[in-house]
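Hi everyone, thanks for coming along.

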Amino acid sequence: MIRGCVVKLGGSLITDKASADIVHKGRIEQLGGAIARLAAKMAVVVVAGGGAVGHNLARRFRVDQGLGACDHVRVHEMAVQMFALKGQIAAAIGEGGRGALPFHEMSIFSIADGRLVVHPQPIIQAIERRFVP
């Protein structure tokens, strides 16, 4: 069995919720280094909150009202910006000396018959190859 942990980076820790485009890069760099050091000792999975990037866009685009309430271009824009935030986190972990692979939620989750289904195989394979997903 692989020993490891999940590290949750709260959105308000890595972004400024008062502004849709303020990302705390210094904090992300510090956290990336700490995560890289931890990942040298055990398997680590990083989960990052959306903070200002996700919450402000979701509110502006009314995603809480369903896809019918907003156009797909806006949902796409939100997904791209969230993935860019994950890319910054992965880069910081990489700078700390550990390979990190950001995953888009849609690559590991789906909905079937109204239920959330988890497809963990990509995460498991990343961990087995000593990456930080």
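Let's begin with K86, which counts as buried because its relative accessible area is 12%, under the 20% cut-off. Bear in mind that this is a predicted model. So what does K86 pair with? K86 makes a salt bridge to E105, and the closest N and O atoms are 2.3 Å apart. The two ends sit in distant parts of the chain: K86 belongs to helix α4, while E105 lies in the loop between α4 and β3, 19 residues apart. E105 is partly exposed, at a relative accessible area of 36%. And how many salt bridges turn up in the whole structure? A search of the whole structure finds one.

In soluble globular proteins, nonpolar side chains tend to be buried together. Here, the largest nonpolar core has 20 residues, and the ones with the most contacts inside it are I35, V44, V46, I93 and V132. Which elements supply at least two residues each to this core? They are β1 (4-9), α2 (25-39), β2 (43-48) and α4 (72-95). Helix α4 gives the largest share, six residues.

Setting aside its neighbours within four places in sequence, V46 is in contact with V7, L9, I35, I89, I93, V132 and P133. There is also a second, separate core of five residues, and A43, V45, I108 and I123 are among them.

That brings us to helix α5, residues 121-128, where I123, A126 and I127 are buried. Down the axis of α5, these buried residues fall within an arc of 100°, so they line one face of the helix. What covers them? The cover over the buried residues of α5 includes β2.

Most residues other than glycine have a negative phi. R130, however, has a phi near 70°, a positive value in a residue other than glycine.

Let's move to the outside. K8 is placed in strand β1, and at 53% relative accessibility K8 counts as exposed. Leaving aside neighbours within four places in sequence, K8 is in contact with V47, A48 and G49. For a sense of scale, K8 and V53 are 45 residues apart in sequence and 16 Å apart in space, C-alpha to C-alpha.

Which residues make it? F109, I111, L116 and V118 form this patch of about 410 Å². Two elements give two or more residues to the patch, namely β3 (109-112) and β4 (115-118). I111 is in strand β3, and I111 is exposed, with a relative accessible area of 67%.

Methods
Residues numbered from 1 in each chain as written. Predicted model: local features only at pLDDT ≥ 70, side-chain atom pairs only at ≥ 80, totals over all residues. Heavy atoms only, no water. Patch = residues over 30% accessible without salt bridge, like charges linked within 9 Å, V, L, I, M, F, W, Y side chains within 5 Å. Areas by Shrake-Rupley, 256 points an atom, 1.4 Å probe, with all protein chains shown as cover. Salt bridge = Lys/Arg side-chain N within 4 Å of Asp/Glu carboxyl O. Helix = DSSP H or I, 4+ residues; strand = E, 2+ residues; numbered from the N terminus. Buried < 20%, exposed > 50% of the residue type's maximum accessible area, 1.4 Å probe, protein only. Core = buried A, V, L, I, M, F, W, Y, C linked by side-chain atoms within 4.5 Å. Contact = heavy atoms within 4.5 Å. Arc of directions from axis to C-beta.
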